[in-house]
Amino acid sequence: MQLRNVAIIAHVDHGKTTLVDRLLQQSGAFRENQRVAERAMDSNDLERERGITILAKVTSIVWKNTRINIVDTPGHADFGGEVERILNMVDGAIVLVDAAEGPLPQTKFVVSKALKVGLRPIVAINKVDRHDARPTVVAGEVFDLFAALDASEEQLDFPVLYGSAKEGWMAPNVAGPKTSMAPLFDLVLSRVAPPHVEDGPFRMLGTILEANPYLGRIVTGRVTAGSVKPNQTIKVIDRNGRFIEQGRVSKVLSFRGLERQAIEEGNAGDIVSIAGLPEANVAHTLCALEVTEPLPAQPIDPPTLSMMFRVNDSPLAGTEGDKLTGRMIRDRLLREAEGNVALRVTESDERDAMEVAGRGELQLGILIETMRREGFELSVSRPKVLMRFDPDSGEMTEPIEEVVIDLDEEHSGVVVQKMSERKAELIEMRPSGGGRLRLVFHAPTRGLIGYQGELLTDTRGTAVLNRLFHGYAPHKGAIQGRRNGVLISTDAGEAVAYALWNLEDRGPMMIEPGAKVYRGMIVGEHTRGNDLEVNVLKGKKLTNIRTTAKDEAVRLTPPIRMTLEKALAYIQDDELVEVTPKSIRLRKRLLDPHERKRDERRKEAEEV
């Protein structure tokens, strides 16, 4: 059977996974009466809830006697490490662009990678049914983007399809025919070259990694040469040709629709998964024993943010979760690092703490959320940016990101001001139609921690922020953090409505009446710059004198709801987020007020 390998690349939320749904349905991969979830490729709960793809996944369909392997890639920059490697595994790419939003930073990022690898992309303009769609203008923008990224003549001669994945059609013209996805299938067969196969013994480059509870580590990639069978002995070498391990293939799996089936032989050109090699990693070459030269592979991007994952040592520890010990947290993080290449887990100097470094807040936030759902309790420190020493100039450099903000014109002033306070440079400012502007900044990563929420407040929820790792630049100097102090509970117990009502002048609260609190826990935000210790347990003193009813009713302002992302961005260096399966609490690192005072004095003495 003939083969075609193709990746679907696009910015987050432009409809990749929905498109794959339609392709699977119309190619007959499902039975007529089979019940299939919407966005079938987003298999884990978090992906469905947030509506984003986190892990790259492969599926396969048959069209006119040709097997087409389709790889659905993540659109978020935090998971962009996957996209770059996937493009080496395929021979063509479908670039999906939203008909209203046009090409965004992640589109630019993935297209630049695809062009560099030498792919000839097919451009599909999706969501033509949107009321604010501008398909022909967007097609022009895509051409400009290709030209700006130094595409060759061949690459610039790309076919364009218009359509709506939701409605299940693609066509060469905006007008239609609005019947099916057939034009896209036919284009893939005619434009995408069959896989390039080399001569010689078995060689395959590991591209996607996952951990399976039954089969152990599974490495997915495209077989470059030769073939592989179960029980065959193969070896693993890294990108420099160093020997890693030798082992026996326990299973060779291939994709058939959404299912993965064991096959007798994986042939050159096909995308297969191999189980049985515990040390094999992404960018490693899996090959026959006589091979000495590794396949060329891209290095894995360095992490830019790190956090401390510590044992939860608060007085309420163990009341909500069942996985509490340092050993359990350590094992879980090391297991995660096995299947997730962009994460780096290291032992820290502190007792019962692990340092986890990743590509961005979203990636680390999703890891914490996943652990929380599994029943873990842990406390997490504020994200820290990983600096890098530049030996040529002899100075410290920090990660810089390219930030693209789409917003209504009237809000541009406040956003430019806030971004410049965060040491960002405005690179470009242009209208994007319909009274909206597109601002492009280069901003230090540490300045962007926690900016998303502030941006939405400043623009009344109308702005869209997209960010992408740009490079390293010299340290930009200090950035002002949170201006307000916090309200700290002085005692343990359950919060009383009357006490919270009396404290409303001091600042907004973060807890509801009846919430369990402990000494050193953060219960609200102070209106001034310093921290204030308050008693939220103090009830109303009752006398035997009758009173008018007007001071009986306590009307409280609703508290600030802290989501995990918001909490991580809110805390300072001397604070922690306590994460349990049922709640997210903020606390001081040192719970005892006397210890906090001592620590402050010590820091002041060090500064002098």
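The following questions and answers cover a helix, a sheet, a hairpin and some aromatic contacts in a predicted model.

In this predicted model, local features need pLDDT of at least 70 and side-chain atom pairs count only at pLDDT 80 or more, while totals for chains, interfaces and linings use all residues. Residues are numbered from 1 along each chain as its sequence is written, and side-chain values use heavy atoms, with hydrogens and water left out.

Reader: Which residues of helix 12 are buried, and within what arc do they fall?

Author: Helices (H or I, at least four residues) and strands (E, at least two) are DSSP runs, numbered from the N terminus. Buried means under 20% relative accessible area, exposed over 50% and partly exposed in between, with a 1.4 Å probe and protein chains only. In helix 12, residues 451-458, the buried residues are Y451, L455 and D458. They line one face of the helix, because the directions from the helix axis to their C-beta atoms fall within an arc of 65°.

Reader: Which elements do the buried residues of helix 12 pack against?

Author: Contact here means heavy atoms within 4.5 Å. By that criterion, the buried residues of helix 12 pack against strand 24 (395-408), helix 10 (412-421), helix 11 (445-448) and strand 27 (464-474).

Reader: In what order do the 8 strands of the open sheet lie, and which strands stand at the edges?

Author: Two strands pair if DSSP finds at least two bridges between them. The order is 12-11-17-8-9-16-13-14, with antiparallel pairing. Each edge strand has a single partner strand, so one side of each is left without a neighbour in the sheet; these are strand 12 (243-248) and strand 14 (259-262).

Reader: How many bridges join strand 11 to strand 12, and what is the bridge partner of I234?

Author: Strand 11 covers residues 233-237 and runs antiparallel to strand 12. The two are joined by 5 bridges. The partner of I234 in strand 12 is G247.

Reader: Which residue in the turn between strand 19 and strand 20 has a positive phi?

Author: Strand 19 (residues 344-347) and strand 20 (residues 353-358) pair in the antiparallel sense over 4 bridges, and T346 has E355 as its bridge partner. The two strands form a hairpin with 5 residues between them. The residue with a positive phi, about 55°, is D352.

Reader: Why does the pair of F143 and F158 tie together separate parts of the chain?

Author: Rings of Phe, Tyr and Trp (its six-membered ring) pair if their centres lie within 6.5 Å; planes under 30 degrees apart count as stacked, over 60 as edge-to-face and the rest as tilted. F143 and F158 form a tilted pair, 6.3 Å centre to centre with 40° between the planes. F143 lies in helix 5 (residues 135-148) and F158 in the loop between helix 6 (153-156) and strand 6 (160-164), so the pair joins parts whose separation in sequence is 15 residues.

Reader: Which ring does the charged end of R388 sit over?

Author: A charge sits over a ring if NZ of Lys or CZ of Arg is within 6 Å of the ring centre and within 35 degrees of the ring normal. The charged end of R388 is 4.1 Å from the centre of the ring in question, that of Y472.
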